[in-house]
Amino acid sequence: NAGVMQNPRHLVRRRGQEARLRCSPMKGHSHVYWYRQLPEEGLKFMVYLQKENIIDESGMPKERFSAEFPKEGPSILRIQQVVRGDSAAYFCASSLNRESSYNSPLHFGNGTRLTVT
Amino acid sequence: AQSVTQLDSQVPVFEEAPVELRCNYSSSVSVYLFWYVQYPNQGLQLLLKYLSGSTLVKGINGFEAEFNKSQTSFHLRKPSVHISDTAEYFCAVSEAGGFKPIFGAGTRLFVKA
């Protein structure tokens with residue numbers, strides 16, 4: 001399957017623990033988006049990365065959240081010291097390059113559902 | 001700044017009836033418009049897109065949408081829905097020259113037998 005792969009599909013963390021969400025983009029894609037989905041709120045943009053570079057992180061909370069997309073390996077969304085309000089579905093999407101990011105559809109993974117207990 | 005409004009959070013409809021899901025956007029520049037569908041516990045899949053040309057766009061599963069520039073709308077329609085169309089539908093807007101698609105809050109379509 002050459003689609004966007006996210007893991008784990010479900011993640012349960014206690015308050016105060018760290019959550020690490022992984023995303024492998026489609027083959028050949030070098031740009032990754034992270035979105036958060038809360039009930040009744042739709043998809044909220046968090047961060048847009050290309051390999052080894054954060055292009056736009058205007059949707060990321062200022063504290064506890066970070067994202068990276070290394071030269072090798074998947075993109076990682078990291079949430080430190082999780083709180084109950086972090087419970088949500090987190091979706092990753094990829095695009096071929098920046099030029100195709102606005103006129104081509106994004107390819108989404110199936111998401112990671114984070115539950116903070 | 002661009003924004004997307006999906007006017008209906010939930011739309012219940014009987015099987016084989018027509019349906020319209022509404023989407024309005026605001027932007028000061030040219031836009032590209034998309035509709036995505038999300039089935040339970042899955043990611044989003046593209047239904048259709050408008051980039052340029054004919055304002056009536058046909059997508060998969062019998063859906064179509066019409067771009068109305070004067071009303072800044074991109075409503076999604078299907079003449080006869082099936083039970084399997086039950087899902088959440090998202091309208092998305094991307095500005096020409098931009099790179100960050102903005103999504104609406106979604107519309108849950110419930111198709112009843």
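Biologist: What makes the residues of chain A and chain B count as being in contact?

Modeller: Heavy atoms within 4.5 Å make a contact. By that test, the contact takes 25 residues from chain A and 24 residues from chain B. Bear in mind that this is a predicted model.

Biologist: How many Å² are buried between chain A and chain B, and what share do carbon and sulfur atoms give?

Modeller: About 1,900 Å² is buried between the two chains. Carbon and sulfur atoms give 57% of that area. The figure is the accessible area lost on putting the two parts together, summed over both.

Biologist: Which elements of chain A give two or more residues to the side that touches chain B?

Modeller: Strand E4 (31-38), strand E5 (42-50) and strand E6 (53-56) of chain A. E5(A) gives the most, with four residues. The residues of that side divide into 11 nonpolar, eight polar and six charged.

Biologist: Now the cysteines. Why is the link between Cys23(A) and Cys92(A) called a disulfide?

Modeller: The cut-off is 2.5 Å between cysteine sulfur atoms. Cys23(A) and Cys92(A) have an S to S distance of 1.8 Å, so the pair is a disulfide. Cys23(A) sits in strand E3 (residues 19-24) of chain A and Cys92(A) in strand E9 (residues 88-95), 69 residues apart.

Biologist: What makes the disulfide of Cys23(A) and Cys92(A) left-handed?

Modeller: The torsion about its S-S bond is about -55°, so the disulfide is left-handed. Both of its cysteines are buried.

Biologist: How do you know that Cys23(B) and Cys91(B) are joined?

Modeller: The S to S distance is 2.0 Å, and the limit is 2.5 Å, so Cys23(B) and Cys91(B) form a disulfide. Cys23(B) lies in the loop between strand E3 (19-21) and strand E4 (24-26) of chain B, and Cys91(B) in strand E10 (residues 87-95), so the pair ties together parts that are 68 residues apart in sequence. The torsion about this S-S bond is about -65°, so it is left-handed. Over all chains, the count comes to two disulfides.

Biologist: Why is Cys23(B) called buried?

Modeller: Buried means under 20% relative accessible area. Cys23(B) has 0%, so it counts as buried. Cys91(B) is buried too, with a relative accessible area of 0%.

Technical notes
Residues are numbered from 1 along each chain as its sequence is written. Chains are lettered from A and ligands numbered from 1 in the order in which they are written. This is a predicted model: local features need pLDDT of at least 70, side-chain atom pairs count only at pLDDT 80 or more; totals for chains, interfaces and linings use all residues. Side-chain values use heavy atoms; hydrogens and water are left out. Buried means under 20% relative accessible area, exposed over 50%, partly exposed in between (1.4 Å probe, protein chains only). Buried area is the accessible area (1.4 Å probe) that two parts lose on being put together, summed over both. Ala, Val, Leu, Ile, Met, Phe, Trp, Tyr, Cys and Pro count as nonpolar, Asp, Glu, Lys and Arg as charged, and the others, Gly among them, as polar.
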